[in-house]
Amino acid sequence: MLSFLTGYGQSRVVVMGNVHYPSPVYNADTLYTILELLQPDIILLELDSTAFRKIFKEQYPSKENEPVAALLYRSQKPNTIVAPFEFEGRDLYRKAKGIRQASGQVDHLLDSLYKNKLLTKKQYQIVAKYYALTDTLTAYTQKTITDFNNPRTDSLCRLRQYYQHVAIRKVINQRKEFVQRFVTTSLQERVSLREAYNRLCDFWDLRNKTMTRNSLQTAATYPGKKIVVLTGFFHRYYLLQELRAAKSGVITEAYF
C-alpha cells in the first residue's frame with residue numbers, strides 16, 4: 001500500500017460520471033445544481049495542470065460541463081478547492097508514444113478489415129461486439145445523469161473497455177496488417193500501428209491508476225473533507241474499483 005494513504009481519517013470521496021459536453025438533457029447548469037446539493041469542499045477535474053491553468057488561471061473559456069460548473073460553484077463558494085487529478089501531460093504522453101498519431105489509422109484499418117469481411121469468424125464477432133457496445137454507450141451521452149451513474153452502466157463500461165483493451169488488442173496482435181503500417185511519434189520514433197495500439201491499451205490502466213493515486217493524495221492532503229471527483233463516465237467503474245481496493249481509510253461513494 002502506498003505510504004501516504006494512512007493517517008488522514010474519514011475523508012469522503014464521491015465519484016461522479018459525466019459527459020464532457022452539453023446535451024439537451026445534461027449541461028453545466030445541471031451539474032452545478034448537483035454540486036449545490038452535494039456541497040463538496042474539494043472538486044477534482046479530469047484535466048492536467050496545463051489545461052487547468054488555462055481555464056482557471058488564464059480564464060480561457062471552456063465548453064466542457066465540468067470546468068464551467070466548477071467555476072460557477074466556486075464563484076458562489078470561494079473557499080472551495082478546485083484542482084486537477086488527471087495524468088500529468090496526458091496529451092503529450094500520447095504523442096510521445098505514437099498513440100495520438102496512430103488512433104485514426106488503427107480505427108480505419110480495423111473497420112476496413114471488418115467491412116470487407118477479411119477477419120476470421122472469431123475476430124469478426126469480437127469487432128462486432130465492440131462496435132455494438134460502443135454504440136450503446138455513445139447513446140448514453142444524450143441521456144440524463146441517472147442513466148450514466150448506476151451499476152448497470154458501470155458494467156457496460158467495464159465490458160466495453162475490456163473489449164477495447166483486451167479483446168480488440170488480441171485481434172490487432174493477430175493481424176499482420178497492423179505491423180506493416182507505421183507512424184512517427186513526437187520523439188521521432190517509428191512505431192507500427194500494432195505497437196501504438198498496445199501502448200494505448202497499457203495507458204488506459206496507467207492513466208486510471210494515476211488518477212486514483214492523485215485522488216487519494218488529495219484526500220491525504222486535506223483530511224476529513226468531502227471530495228467530488230468529476231470524471232468521464234467510462235472511467236467511473238475503474239476509479240471506484242481502485243479507490244475501494246486501496247483500503248486507505250477514505251469513504252468512497254458512487255454518485256447515485
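**Exercise 1. Describe the largest pocket: its volume, its lining and the elements behind it.**

Step 1. Start with volume: the largest pocket has about 1,400 Å³. A pocket is an open set of points on a 1 Å grid over the protein atoms alone, with protein on both sides within 12 Å along at least five of seven lines. Its volume is the space filled by probe spheres set on the points, which are joined across faces, edges and corners.

The model is predicted: local features need pLDDT of at least 70, side-chain atom pairs count only at pLDDT 80 or more, and totals for chains, interfaces and linings use all residues. Residues are numbered from 1 along each chain as its sequence is written, and side-chain values use heavy atoms, with hydrogens and water left out.

Step 2. Find the lining. It holds 49 residues (each with an atom within 4 Å of a point). Nearest the centre lie Arg90, Asp91, Arg94, Arg100 and Arg207.

Step 3. Find the elements. Helices 2, 4, 5, 6, 7 and 8 each give two or more residues to this lining. Helix 5 gives the most, with seven residues. Helices here are DSSP runs of H or I with at least four residues, and strands are runs of E with at least two, numbered from the N terminus.

Step 4. Sort the lining: 22 nonpolar, 14 polar and 13 charged residues. Ala, Val, Leu, Ile, Met, Phe, Trp, Tyr, Cys and Pro count as nonpolar; Asp, Glu, Lys and Arg as charged; the others, Gly among them, as polar.

**Exercise 2. Describe the largest cavity and its lining.**

Step 1. A cavity is a set of grid points where a 1.4 Å probe fits but cannot get out. The largest cavity has about 30 Å³ of space.

Step 2. His20, Leu45, Glu46, Leu47, Glu64, Glu66 and Pro67 line this cavity. Three are nonpolar, one is polar and three are charged.

**Exercise 3. Is isoleucine 43 buried or exposed?**

Step 1. Isoleucine 43 lies in strand 2. Its relative accessibility is 0%, so it counts as buried (under 20% relative accessible area, 1.4 Å probe, protein chains only; exposed is over 50%, partly exposed in between).

Step 2. Check its neighbours. Isoleucine 43 touches residues including Leu35, Tyr73 and Val228 (heavy atoms within 4.5 Å), not counting residues up to four places away in sequence.
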